[in-house]
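User: Let's go through this one together, a question at a time. Here are the sequence and the model.

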Amino acid sequence: MRELRLRTSGLLTPTPGGPRLTVSLDIVHLRRTAAGRIVDSRRIDGSVADEAAKNVALLLTDATARIDTTLGGLQSAVATIHERCAGDDPPTIGRADLLVRVETAAGPVVLGTVGYGAPAALVPAVTGHDLAGLAHQPDAEPPDDWRERPLILRPGPSAVLVAGAAFSLTSRNGRQTAQRLAGRRVLPGLTIRDLPAVPTGYDLDDLGDPAEVNTLVDAGRICPPVRWRDGVPQGRAVWDHDAAACGPPPIVRLDLDGPDGTAPSNAIEVLWCVEGLQRYHGDGTIRIHCVARPVDRPDNSFVIVLHGKPIHLLRHARGLTGARTAVYGDSDVTTRSLVFASAAELEGTGHAVVTVVNS
């Protein structure tokens with residue numbers, strides 16, 4: 001039976017003469033064995049992705065128009081729609097993602113989301129956020145007691161911690177650590193899951209292995225690492241046409257869950273990560289520059305730097321608050337906002353360094 005994999009990508013950039021939009025189509029015909037393993041592919045021409053091309057163009061023009069209206073400073077926008085087609089059936093959308101890069105007073109910020117259904121839903125998911133914190137010049141003086149106030153990491157910064165924690169448990173050294181610590185409680189009731197890369201309705205990855213949810217941390221306890229096959233976690237193999245081989249998925253899908261927390265009225269809200277600066281370091285730490293503001297003084301934004309090991313930082317989470325949000329960037333992470341201890345508590349345990357960037 002014929003099996004096609006379609007990828008439609010678009011890039012929109014502002015120019016003096018108006019927005020410039022380019023759209024590219026990639027259609028690959030796959031050949032599977034009876035066991036479900038992909039063994040060959042060929043790139044083909046066709047108009048089967050015409051509807052996706054229109055959807056990508058609409059995504060980009062709609063998203064950038066809304067960003068320009070509310071914020072301005074657009075640098076670029078990228079959208080991709082992935083589809084699959086089996087036999088003579090019409091294509092079905094597997095995943096769609098949208099990334100908008102905006103220049104703000106604090107520096108470049110990427111607003112990204114991903115969805116598994118109607119692509120049009122991505123636009124309000126990106127532009128519907130409270131972008132007021134990015135519109136203000138981040139040069140306000142933080143409150144005198146900002147170090148004693150609890151922190152709320154909104155989904156963007158939270159996603160960086162989740163992705164960093166997942167990597168620390170799935171890298172070669174991390175898997176050894178996870179095996180040694182399996183069953184030990186290291187986080188306060190949080191659950192981190194690694195989700196299959198295949199779309200809903202597909203049970204196997206491209207090596208023919210079952211594509212199942214892998215739980216990395218279950219209610220705070222480290223889980224044993226999954227078996228690897230051909231250099232890929234079991235159930236995560238993705239066929240690469242250009243390499244003519246299976247490899248790991250280009251983007252890891254993660255999900256964070258846990259107990260509810262109360263959002264304190266005097267918290268420091270950590271809103272968005274500033275791009276262009278190295279986040280992940282060889283010693284296992286992350287360093288993120290973020291736009292922040294006091295919840296009780298939302299017009300007074302400033303930039304803070306959070307530095308520490310992701311697992312150590314997550315130990316100080318007091319719960320989750322707000323709506324579940326799909327954040328797309330280095331990884332595809334679905335999370336709520338994380339309520340944290342204060343900067344003073346984090347630093348007092350030696351697990352973090354939190355500083356304010358002076359303008």
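User: Which strand is A245 found in?
Analyst: Keep in mind that this is a predicted model. The strand covering residues 245-247 takes in A245. That makes the answer strand 14.

User: Is A245 buried or exposed, or partly exposed?
Analyst: Its relative accessible area comes to 33%. Buried would need under 20% and exposed over 50%, so A245 falls in between. The class is partly exposed.

User: How far apart are the C-alpha atoms of A245 and L207?
Analyst: Along the chain, A245 and L207 are 38 residues apart.

User: What about L25, buried or exposed, or partly exposed?
Analyst: L25 has its place in strand 2. The relative accessibility of L25 is 39%, and since the in-between class runs from 20% to 50%, L25 counts as partly exposed.

User: Which residues make the nonpolar surface patch of about 210 Å²?
Analyst: L25 is one of them. A patch residue needs over 30% relative accessible area, and L25 has 39%.

User: Which strand gives the most to the lining of the second largest pocket?
Analyst: That pocket holds about 790 Å³ of space. Its lining has 34 residues, and closest to the centre are R5, R7, H82, V238 and P250. Several strands supply at least two lining residues each, including strand 1 (3-13) and strand 5 (92-104). With 5 residues, the top contributor is strand 4.

User: How many charged residues does the lining of the second largest pocket have?
Analyst: By class, the lining has 17 nonpolar and 5 polar residues. For charged residues, the count is 12.

Notes
Residues are numbered from 1 along each chain as its sequence is written. This is a predicted model: local features need pLDDT of at least 70, side-chain atom pairs count only at pLDDT 80 or more; totals for chains, interfaces and linings use all residues. Side-chain values use heavy atoms; hydrogens and water are left out. On a 1 Å grid over the protein atoms alone, a cavity is a set of points where a 1.4 Å probe fits but cannot get out, and a pocket is an open set with protein on both sides within 12 Å along at least five of seven lines; lining residues have an atom within 4 Å of a point. Grid points are joined across faces, edges and corners, and a volume is the space filled by probe spheres set on the points. Helices (H or I, at least four residues) and strands (E, at least two) are DSSP runs, numbered from the N terminus. Ala, Val, Leu, Ile, Met, Phe, Trp, Tyr, Cys and Pro count as nonpolar, Asp, Glu, Lys and Arg as charged, and the others, Gly among them, as polar. Patches are made of residues with over 30% relative accessible area and no salt bridge: like charges are joined within 9 Å, nonpolar side chains (Val, Leu, Ile, Met, Phe, Trp, Tyr) within 5 Å. Accessible areas come from the Shrake-Rupley method with a 1.4 Å probe; for residues, only the protein chains shown count as cover. A salt bridge is a side-chain nitrogen of Lys or Arg within 4 Å of a carboxyl oxygen of Asp or Glu. Buried means under 20% relative accessible area, exposed over 50%, partly exposed in between (1.4 Å probe, protein chains only).
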